[in-house]
Amino acid sequence: MFTAQNTLSKEQTLLIVYFTIIILFFMVFGIIFFIAFQRRKNKLLVEKFKSEQRFNEELKDSKLEIQEQTLKNVSWELHDNIGQLLSTAVMQINILSTRVDPNISDSIKDVRALVSDSLQEIRSLSKTLNREVIQNIGLEKSIQVELDRFEKLNFLETEFQITGEEITPNPKDEIIIYRIIQEFLSNTIKHAEASHLKVMLQYTSNNLSITVEDDGVGFDIESVQANSGLLNMKSRAALIDADLIYNSTPGKGVFLKLIYPFKNKIQ
């Protein structure tokens, strides 16, 4: 009787051990499978994220390339075609001035000066539209050229201040920064009725802070949230991970501040 019970106890013990081993095996297998599944899932998520990043980068580059190519074509048209027409007009006026009555020679000179000034303005404008020219002369010089153009045309008085040691942004980002500033300047000339425009660049080790403001009539910022110019500036700022602050009050001009981070942006 004792032997039978002892044998039964051993068989039960072995059975329990076997079941325990089997359960432990399935538990270990389940844990390994879960870990492998999670790793595979995480790998797929990372690949999906990187794929989306590449797609967004390619989309951004394509949009910028189309915009810049359009501006470049306009620049060529201004410089080559319209510029050539104005140059021909200047030559024709010079020929005409030798054949007209001396009494109207002064008027002819005034017309020639006006056409010559227009030719210079067209050439100057074509430079500000051409990406390659901007990249060659840099952000600061490009801004200065644009401000000098406004001064020459007697649109308004300008002020340009630079503080800190210059750090050159990524060339692609540099173009976008300039286009944002150019959009603001264009809006000032067209709508602000300003007499003074101020641009400030402040370099730090972490970022480039750009402030642009005019003393024009201003506007109610809430009423122009869907304005295409403002949307263009905001979308361009987002492309380069820059913070854009844009504000205005009727009678108190317009204020823009762009903070461009240098982290991972310098080439």
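Which residue in β5 stands opposite Ile245? Lys257 does. The details follow, starting with the basis of the model.

This is a predicted model, in which local features need pLDDT of at least 70 and side-chain atom pairs count only at pLDDT 80 or more, while totals for chains, interfaces and linings use all residues. Residues are numbered from 1 along each chain as its sequence is written, and side-chain values use heavy atoms, with hydrogens and water left out.

**Overall make-up**

The protein has 5 helices and 5 strands. These are DSSP runs, numbered from the N terminus: helices are H or I with at least four residues, strands are E with at least two. Along the sequence the pattern reads α-α-α-β-α-β-β-α-β-β. Of the 267 residues, 31% are buried. Buried means under 20% relative accessible area, exposed means over 50%, and partly exposed lies in between (1.4 Å probe, protein chains only). The protein exposes about 17,400 Å², and carbon and sulfur atoms supply 58% of that area. Accessible areas come from the Shrake-Rupley method with a 1.4 Å probe; for residues, only the protein chains shown count as cover. Among contacts between residues at least 6 apart in sequence, 69% join residues at least 24 apart. A contact means heavy atoms within 4.5 Å.

**The sheet**

Five strands make an open sheet with mixed pairing, in the order β1-β2-β3-β5-β4. β1 (157-163) and β4 are the edge strands; each has a single partner, so one side of each lacks a neighbour in the sheet. Neighbouring strands are turned by 10° against each other on average, direction ignored. Axes here are lines fitted to C-alpha atoms, for helices over the stretch in contact, and angles run from 0 to 180 degrees between N-to-C directions. Two strands pair if DSSP finds at least two bridges between them. Strands of a sheet pair through backbone hydrogen bonds, either parallel or antiparallel.

β4 pairs with β5 (residues 254-261) in the antiparallel sense, over 6 bridges. β1 pairs with β2 (residues 196-203) in the parallel sense, over 7 bridges. Thr158 has Leu197 in β2 as its bridge partner. Helix α4 (residues 171-192) carries the chain from β1 to β2, and this β-α-β crossover is left-handed. A crossover is right-handed if, with the strands pointing away from the viewer, the path from the first strand over the helix to the second runs clockwise.

**Individual residues**

Tyr178 lies in helix α4.

| Residue | Relative accessible area | State |
|---|---|---|
| Tyr178 | 2% | buried |
| Asp241 | 52% | exposed |
| Asn154 | 67% | exposed |

Tyr178 and Ile143 are 35 residues apart along the chain, yet their C-alpha atoms are separated by 7.4 Å. Asn154 sits in the loop between α3 (131-152) and β1. Its C-alpha is 9.6 Å from that of Ser195, 41 residues away in sequence. Asp241 belongs to the loop between α5 (228-239) and β4 (243-248). Phi of Asp241 is near 55°, a positive value in a residue other than glycine.

**Aromatic rings**

The whole structure holds 6 aromatic pairs. In one of them, the ring centres of Phe25 and Phe26 are 5.6 Å apart with planes at 75°, so this pair is edge-to-face. Rings of Phe, Tyr and Trp (its six-membered ring) pair if their centres lie within 6.5 Å; planes under 30 degrees apart count as stacked, over 60 as edge-to-face, and the rest as tilted. Phe25 and Phe26 are both exposed. Together with Phe29, Phe25 and Phe26 form one aromatic cluster.
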